[in-house]
Amino acid sequence: MTQIQATLKQYCRQEAQTAELAKRFAGSLGQFIQQNPAAHLNISLEGDLGAGKTTFARYLIQSLGYAGKVKSPTYTLCEPYSLTTQQHTFTAHHFDLYRMRDPLEWHEAGFAEYFDVPGFCLIEWPEKAEGTLPEFDIQIQLMAGTQEDERNIVLNALSELGKKVLENIQAIPN
Ligand code: ADP
Ligand code: MG
């Protein structure tokens, strides 16, 4: 069995650093998608309420070229974003499963097909689905620090695809 090992730990003193990390992540992810236009990645966003999951998702989607508003999919469960690389179109599906009353509500809503389309799914509160989601490629954990705007963000590769994306990201010097 191959060992997947790629982890990036980033201390963010303020929101600008979270934005910069999301931008670096977007750069590597966009490059990966350009080279693998049929690929799909699943990315989890984990952390308490207010940790910055939606904020990270917003900076990520906007760094990939989306010019409109990225709102929290709190009520819709999922918001799609059509994005492009130089040659290809792909889709980001941004989920917030916090309000699900049943672990399989995402499936009953017809969202399973989104896990196959070229691009990626970003999922806030994956734990609400209680392990019924497809495997994740990258896990993003956000934790509050002692100061109001401090966050510690950990990016973990959970698959070989995820590892390829994370390997190309440089941490931000503090
Ligand atoms: P979640 O989706 O995890 O519930 P949100 O992204 O909706 O959290 O909210 C995070 C809040 O914290 C936003 O108001 C954001 O402006 C603020 N914030 C302050 N500092 C940071 C930081 N370093 N990284 C991310 N968000 C931050
Ligand atoms: Mg949120």
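**Stop 1: a pair of cysteines**

Start by selecting Cys 121, which counts as buried at 0% relative accessibility; buried means under 20% relative accessible area, exposed over 50%, and partly exposed in between, with a 1.4 Å probe and protein chains only. A word on what you have loaded: this is a predicted model, where local features need pLDDT of at least 70, side-chain atom pairs count only at pLDDT 80 or more, and totals for chains, interfaces and linings use all residues. Residues are numbered from 1 along each chain as its sequence is written, chains are lettered from A and ligands numbered from 1 in the order in which they are written, and side-chain values use heavy atoms, with hydrogens and water left out.

Cys 78 is in no disulfide, and its nearest cysteine sulfur, that of Cys 121, is 6.8 Å away. Look from the other end and Cys 121 is in no disulfide either, with the sulfur of Cys 78 as its nearest at 6.8 Å. Cys 78 is buried too, at a relative accessible area of 9%.

**Stop 2: around the ligand**

Next, select ligand 1 and show its shell. There are 14 residues around it, and Glu 15, Thr 18, Gly 50, Lys 53 and Thr 55 come nearest; a residue is near a molecule if one of its heavy atoms lies within 4 Å of it. Colour the shell by type and you get 2 nonpolar, 6 polar and 6 charged residues.

H2 gives the most, with 3 residues. Helices (H or I, at least four residues) and strands (E, at least two) are DSSP runs, numbered from the N terminus.

Zoom in on the backbone now. A polar backbone atom of Gly 50 is 2.8 Å from an oxygen atom of ligand 1, and a backbone N or O atom of Gly 52 is 2.9 Å from an oxygen atom of the ligand. Then jump to Asp 149, where a backbone N or O atom lies 2.8 Å from a nitrogen atom of ligand 1. Switch to a surface view: the protein covers 75% of the 580 Å² of accessible area that ligand 1 has on its own, with areas from the Shrake-Rupley method and a 1.4 Å probe.

Stay here for Thr 18, which sits in helix H1. Thr 18 is buried at 6% relative accessibility. Leaving aside neighbours within four places in sequence, Thr 18 is in contact with Cys 12, Phe 56 and Ile 153, where contact means heavy atoms within 4.5 Å.

**Stop 3**

Select Ser 44 and Glu 46.

Buried or exposed: which is Ser 44? At 1% relative accessibility, Ser 44 counts as buried, whereas Glu 46 is partly exposed at 21%. Beyond four places in sequence, Ser 44 contacts Ile 123, Pro 126, Phe 136, Ile 138, Gln 139 and Ile 140. With the same exclusion, the residues touching Glu 46 include Lys 53, Pro 126 and Gln 141. Draw a C-alpha distance from Glu 46 to Gln 141: 4.7 Å, across 95 residues of chain.

**Stop 4: positive phi in the loops**

Last, pick Leu 77, in the loop between H2 and strand E3 (78-84). Leu 77 is not a glycine, yet has a positive phi of about 70°; it is buried, at 8%. Finish on Glu 130, in the loop between strand E5 (119-124) and strand E6 (138-144). Phi of Glu 130 is also positive, near 45°, but this residue is exposed, with a relative accessible area of 61%.

Note on methods: A polar contact is a pair of N or O atoms within 3.5 Å; within protein, one must be able to donate a hydrogen and the other to accept it, and residues adjacent in sequence count only if both atoms are side-chain atoms. Ala, Val, Leu, Ile, Met, Phe, Trp, Tyr, Cys and Pro count as nonpolar, Asp, Glu, Lys and Arg as charged, and the others, Gly among them, as polar. A disulfide is a pair of cysteine sulfur atoms within 2.5 Å.
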